[in-house]
Amino acid sequence: MTTETSHNRNLDRARESLLAPAGIGVGEIDQVMGRMLGHQIDYADLYFQYSRQESWSLEEGQVKSGNRHIEQGVGVRAIAGEKTGFAYSDEIVLPALLDAATAARAIARSGREQTAPLAPRDGGTLSLYQPLDPLLSLEDTAKVALLERVEQEARRLDPRVTQVMASLGGSQETILVVRSDGVMAADVRPLVRLNVTVIVEQDGRREHGSSGGGGRTDYGYFLTEERALSYAREAVRQALVNLEASPAPAGTMQVVLGPGWPGILLHEAIGHGLEGDFNRKGTSAFAGRLGDKIAADTCTVVDDGTLAGRRGSLNVDDEGTPTQSTVLIERGVLRGYIQDRMNARLMNMAPTGNGRRESYAHLPMPRMTNTYMLAGQTPPEEIIASVKKGLYAVNFGGGQVDITSGKFVFSASEAYLIENGRIGRPVRGATIIGNGPDVLTRVAMVGNDLALDSGIGTCGKDGQSVPVGVGQPTLRIDGMTVGGTEE
Amino acid sequence: MDPMITTAKTTPSLEDLAAQALDLARRQGASAAEVNTGLGAGLSVTVRKGEVETVEHHRDKSLSITVFFGERSGSASTADFRAQALSEAVMAACAIARHTAADPYNGLADPAHLARDIPDLDLYHPWSLSMEEAIDLARRCEDAAFAADPRIRNSEGASVTTHDGTDVYATSDGFLGTVRASRHGISCAVLGEDGHGGMQRDYDYASVRDPRDLPPAEDIGRRAARRTVRRLGGRQIKTCQVPVLYEAQVARSLVSHLVSAISGPSLYRRSSFLLDSVDTALFPAWVHLYEEPHRKKAMGSAPFDGEGVETRYRDLVTGGILRRYCLDSYSARKLGLTTTANAGGVHNLTVASGPEDLAGLLRQMGRGLFVTELIGFGINTVTGDYSRGAAGFWVEGGEIVHPVEEITIASNLRDMYKGLVAVGRDVDTRHNVCTGSWLLERMTVAGG
């Protein structure tokens, strides 16, 4: 199948499911755009969305609850210079669209009405995933059975497992973007996720471990290669490690980060600070630093929305721009920002396919897709062996950054001490804090073992959540502050 | 004219919609059902560096239904109120209930606990604010921040938001409760520069039910500027163990961690560090926490909880001893206890203040760390382990000496609660957890 036919199919599907039921055609869209486009409005877009999602959750051995949610609507945005007017409606009907257009254009006074010359043209798109419907990809009884198998596997592994909580979620979202420059683009986006958390108990002490994964595919993904069961095994393994863990040290030390999900470091420390909006406004610690050396020579970091089937990937972003692989840091030098259309235009740069929004009821912003560091040369064993005394952190919970001061933190959910080049006892409660603009200058070694996360990331910004991916090879970073309780 | 969207005019009332959904569920054979539905509208305006940045018109609308077929349940939700969408949502909930396991603890709240009359808590004060007025207010707020200090050179903007709406909860047992409420706010976030390439950002905001209770916009701007400027020149401190004073707006999070650990699901899953902790001393003997759900105009007020259960004044901690958990009907039945009207959360959970204001607490601490901002998620509710990124000020002799950043503070929540030394009377009332600042005996600070 060629990219072209897949694109046309998505566009046809989107028009058929979003516009046809309301009797909205090119003429009606012209009318709505015409209401916004005067000499003071530079740009306008309409974002139609229909999504269906479900979740099933298991605890105490049984699937006791499930939920389905359907939503649809249209967001209408008008931009004049740096001003944005925005309104939305959960009914896709012409009067509601016209009302929303009137509300959105109110940012520009005396907007002279004129009809937009709208000849819908191909926005171009990729074919990184099939327009699957996860909700229909398994019988409901099989979804329940899958969660039950995950639970049984976790319990089978160790008698100290006292609780298993597992959840399965899937969604399919159809979006259609119509822009005032005539581009019309559509996407049909499947997304699935399976999560397992276990509680283990021994001699009155309790700990937990979590694992999971997913991507832009259907539930069949979890049935292949025993993936669902492997999440159960991983959650149990982590929980048992933590059961043996002692309090983490506090202070400045060498830290080795494992491959894959620890790439959350790049997301927090670097990625957010390189988003176009913060840089246009000069509120990021990275503002005005393009071309500066901000990392060790061994570091090349990209944001890549084009990885097939990944949770953070998109055929087109929520402004109809095809996604791409954007080099953010090239051999230590800051090369690019993460851009949506508005910030790219105001900064005189090209959009990078990172204009994303949680739904039609939210404004798009520059957001990451899959952010990772390219592999280096060093085998991971050599990196561990090079550390006399330090911390080896392989799994993390959440992280957060203050983009203005550049300070970021992230919390280890599985970590070990390194002593004399060997991995030692596990430690719990280690939080790592650092400064975004200089943390990558402290990267001393880059592993040859690049891995991406298993498909579990959700990024929050200004109250909007979007699915993302991260990745990295094993890294040694010198002089990081670790916040435990042991001095 | 304010160009609000007016497509809701043809829709039936929320009470009618709830009744229709319950009726559809009954006709599908459900033995019981509950419906939550709401409709709201709002305006949000942001001004940055004196210019309008965004004008957003909000309209939220939702209906969610949970159906019970004996001991099995399923739920679904929709934002589309048309007859067919409503019917599809009910059918989806029923379809799920065919596959879920029977659970004897499932079901609606015990009718004996339901709210009988619904007091007016004075929560509904719509603000007829035009877009132009909102812009003017935001501009005055931000202008005041810029005027307050020459080191304020950039801004994330000042925002004015207003929202009002109606929420209805109805059950097949005949409970029908309607709550109308409004929420208005002014906020401002600005950046300061220290002249050596360092930047800091901080903010201030107000959040109220009645627009007449908002402070002058200029005050918020000036406070945002003051908070930002005082952080300039922050540095790490050496790793140490010292007393820590949490400013009221961050102390609130310590109460939220407590609520999370004593909430029904954490307890019956045994995923809490506070299992079997009722009637044990979690805090020093002078500590008192209580819920006051019927406080007029308060942000956390509600006449009934998420299941229609009557809310009333309830103690949580007296004499330092935990007196109860925070439960909904399901978790209460599982634990063999009675609901505490906490379906959906706590209502104006308040920590009784001591005599000192913030300056008094700083003096009481003498030497230690004053924390004004926390970042990251290093809280393990299973073990109580606590380690978060922090920013604030180093204090000597009861006086602020210099700003501090890029540090973590760590301990175990159990030790932190036990080591609570004082609660200030500088109460932050902007949320459903109300507390003054907390002085804690000792935490591990990790720095350079």
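**View 1. Leu349(B) has Val433(B) as its bridge partner in β16(B).** The model is predicted; local features need pLDDT of at least 70 and side-chain atom pairs count only at pLDDT 80 or more, while totals for chains, interfaces and linings use all residues. Residues are numbered from 1 along each chain as its sequence is written, and chains are lettered from A in the order in which they are written. Strand β11 (residues 349-351) of chain B pairs with β16(B) in the parallel sense over two bridges (pairing requires at least two DSSP bridges; strands are DSSP E runs of at least two residues, helices H or I runs of at least four, numbered from the N terminus). Both belong to an open, mixed sheet of five strands in chain B, ordered β10-β9-β8-β11-β16.

**View 2. Helices α1 (residues 14-27) and α2 (residues 83-97) of chain B cross at roughly 45°, their axes coming within 10 Å.** Axes are lines fitted to C-alpha atoms over the stretch in contact, with angles from 0 to 180 degrees between N-to-C directions. Leu17(B), Gln20(B), Ala21(B), Leu24(B) and Ala25(B) of α1(B) meet Leu86(B), Ser87(B) and Val90(B) of α2(B) (contact: C-beta atoms, placed from the backbone, within 7 Å).

**View 3. Strand β2 (residues 62-80) of chain A pairs with β3(B) in the parallel sense over four bridges.** His69(A) stands opposite Ser77(B) in β3(B). The contact between the chains takes 64 residues from chain B and 71 residues from chain A. β2(B) gives the most to the side of chain B that touches chain A, with nine residues.

Terms used:
Two residues are in contact if their C-beta atoms, placed from the backbone, lie within 7 Å.
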